[in-house]
Amino acid sequence: MVRGRKIEIVSFLLLQIVVAATAANVTYDHRALVIDGKRKILISGSIHYPRSTPEMWPDLIQKSKDGGLDVIETYVFWNGHEPEKNKYNFEGRYDLVKFVKLVSKAGLYVHLRIGPYACAEWDYGGFPVWLHFIPGIKFRTDNEPFKAEMQRFTAKIVDLMKQEKLYASQGGPIILSQIENEYGNVDSSYGAAGKSYMKWSASMALSLDTGVPWNMCQQGDAPDPIINTCNGFYCDQFTPNSNNKPKMWTENWSGWFLGFGDPTPYRPVEDLAFAVAIFYQRSGTFQNYYMYHGGTNFERTSGGPLISTSYDYDAPIDEYGLVRQPKWGHLRDLHKAIKLCEDALLATDPTVTSLGSNLVASVYKTSSGSCAAFLANIGTESDANVTFSGNSYHLPAWSISILPDCKNVAFNTAKINAATESTTFARQAIKPNADSSEELGSQWSYIKEPIGISKADAFLKPGLLEQINTTADKSDYLWYSLRVDIKGDETFLDEGSKAVLHIQSIGQVVYAFINGKLTGSGNGKQKISLDIPINLVTGKNTIDLLSVTVGLANYGAFFDLVGAGITGPVSLKSAKSGSSIDLSSQQWTYQVGLKGEDTDLGSGDSSEWVSKSPLPTMQPLIWYKTTFDAPSGSDPVAIDFTGTGKGIAWVNGQSIGRYWPTSIARNDGCTDSCNYRGSYSANKCLKNCGNPSQTLYHVPRSWIKPSGNTLVLLEEMGGDPTKISFATKQTGSSLCLTVSQSHPAPVELWTSDSKILNKTSPVLLLKCPVSTHVITSIEFASFGTPKGTCGSFSHGRCNSPRSLSVVRKACVGSRSCKVEVSTRVFGDPCRDLVKSLAVEASCS
Ligand code: GAL
């Protein structure tokens, strides 16, 4: 008996291995991707592997799977994989094979966007800057040197995936690959050569023989058999360029990216869910959240100009890897509802009928009797009650109801059944290393970075040089240095009046030092124009200009040629007489990068650290170092850089990216509660106006040891590092949810086989996200017409006196609870009104 069981288990395991390695045949037809002869409804999400750590990947992938995703989409980041020509890096955060295998292990598919142009708010759009120096090269056009490099790298990635048997055609998870990226948005700027390049890209990709389909996004004329796909906030209006291709959406922007100096964009989940639902309603079969987890632009990987270090994106999983609620949960419910419709959706094309102005029903009905319906109210103002197949349905403005059996509503995009979970950053002061005998306050040591030229490889050149051509992006920093001799009689020394130094730069940050003193600075995306009053002395004066890039451009036609740095003019003007001397064509001395970069101060190991007090603060160009113990607990860690100016930081030698808490979000266009109804755009819903764009910077837990960690900062503009602190991100200590009598019952109460609803009343479901927590108290409960939002709920005119006791009884002491939202449970405190139950609960 036991032996028989063993054999059974062994043969089951063997079967699993065989199944795992079995090649899948991926094709497509007008309706969907077809895997092993079966059309598929696929829900995908972007996770860019270098924007998190290999230690975070399994959890991110699991949370994606739990959120109802079938596919993980990622770009391949050429400049990360080939930082120097023919020197490859597939280690650590760039271990693409490991990432793809982890996705496979979780049972999900992969969409590999090889590009190799990525865009993605990534430095130089993902191109290695050394490409730019290949003689005769022109990017993204019909140019032999470029095409040769693009083909070599694309083939390299395809070969690597093939070697590891990662294409579905070999039994792996990759079901689709992308070549180029949104080239159709810019190709007209490249003329006829653009068209031939696009066709060449297509045939080059096909020649690599991956055994799975290729796509091009935003390329209306993508040649067969390449599938042209859509990117945008909505893609329901999109039609592929052939009747034989399925309607696919490769980037559904779940929020938007943050820039330094910008307010923080967010996208309400009701609108995101609406966009997804209407896409499937209108025959879409594959959509991808860009991003599902945005993550962090570590090191100098952020694109530009001025992309922030956080790439949170308001994605369903936040920068730190925690699910963002109710976004994640509401989308999970949406995915379940769509999947309940899968058979009907895939078997046929919809029958579309109007139910009134702005009201549309799409019905997918098969000959075998399955039926699924989507009812849409695309009006932005008024809710509607519609009659469909003899039944009446309430459709809020800008919402879609999904009826997997053409009768019962499983989901409405505007009616959220997932609780909001609080998140807080708990502050912890930097705890100095326990072993250190240093006193508190003296735990910082420093090294001053020389102002102006200090390195042996500095060089002279007449005129002002463009920065990227000069630094090759090896560093953010380029010194432009000049000595000017002022004779006693020059007008610049006129009594009581200063000279004015005029500087024009094309980005992104400039600091001007006169005779070793910081006298002015400025920053801008494309153009900086500074007029700095300065004091000159008779005789020799030094003008040291430090130009700093904050991410190279990543988007637009010819973005690779945009350039950066002090391209001039630079002149000295007399404030009094108005006369000026142009310094632009003088013999300037240049230094690429800083001395401390060459000696690798970021690693912390140098014998030059000075620990004498007082610690110099609020002075430009100082390297600081301290040691610290890991913040307690296991929650994700951030450093709050408030108190510092701008720079780059390293933890145990790993660069956590650029910090810039003094970059303030412009005070323009923010709203506390953004109306989700109506078309979304990148600046529709903004928050954080007037505050620093980013104060908190993610430090992955796996980079921190229990004790004896090193933190190094390179402070450019001047700040006080003793002000910085750690914060750990905690989630789920309080839950809030409002469910009305008109909500559908939670989709998880549907049984997928019979598609029969076992409960028709709406139900409020609460669950503490931390598995060891239980609901300890109910802070608020009201069945009636409660007002306010989470944290500020109050009773409305109508309130059932039983509210609190019913909810307490059902919930306190358990990790999760269900409360039926009905007058049967609460009595009827106000007849003829649609009532809601609002609850705020605490977990611990
Ligand atoms: C798209 C591009 C993506 C990303 C996105 C904005 O145009 O394809 O790579 O840049 O915009 O986040």
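I looked up α5 first: its buried residues pack against α3 (78-81), α4 (96-105), β6 (109-115), β7, α6 and β8. Contact here means heavy atoms within 4.5 Å. Helices (H or I, at least four residues) and strands (E, at least two) are DSSP runs, numbered from the N terminus.

I noted that this is a predicted model, where local features need pLDDT of at least 70, side-chain atom pairs count only at pLDDT 80 or more, and totals for chains, interfaces and linings use all residues. Residues are numbered from 1 along each chain as its sequence is written, and side-chain values use heavy atoms, with hydrogens and water left out.

**α5**

I read a length of 20 residues for α5 and a reach of 28 Å from first C-alpha to last, close to the 28 Å expected at 1.5 Å a residue. The expected span is 1.5 Å times one less than the number of residues. I listed its buried residues, among them F146, M150, F153 and I157. Buried means under 20% relative accessible area, exposed over 50%, and partly exposed in between (1.4 Å probe, protein chains only). At the start of α5, I found a side-chain oxygen of N143 within 2.9 Å of the backbone nitrogen of F146. Just after α5, K165 has a positive phi of about 55 degrees.

**α6**

I then checked α6 (residues 191-207), which has 17 residues. Its buried residues include Y197, W200 and M204. I found α5 (144-163), β7 (174-179) and β8 (214-217) among what covers them.

**Ligand**

I counted 15 residues around the ligand, the closest being Y75, A120, E121, E182 and Y313; a residue counts if one of its heavy atoms lies within 4 Å. A polar side-chain atom of E182 is 2.4 Å from a ligand oxygen, and one of Y313 is 2.5 Å from a ligand oxygen. Taken alone the ligand exposes 310 Å², and the protein buries 95% of that; areas come from the Shrake-Rupley method with a 1.4 Å probe.

**Backbone angles**

I kept in mind that most residues other than glycine have a negative phi, and most peptide bonds are trans. I found a cis peptide bond between G115 and P116, with omega about -5 degrees. P116 is in the loop between β6 and α5. Another cis bond joins D224 and P225, with omega about 0 degrees.

Is D314 buried or exposed? I saw that D314 has a positive phi near 55 degrees, and at 10% relative accessibility it counts as buried. D600 also has a positive phi near 55 degrees, but at 45% D600 counts as partly exposed.

Conventions:
A polar contact is a pair of N or O atoms within 3.5 Å; within protein, one must be able to donate a hydrogen and the other to accept it, and residues adjacent in sequence count only if both atoms are side-chain atoms.
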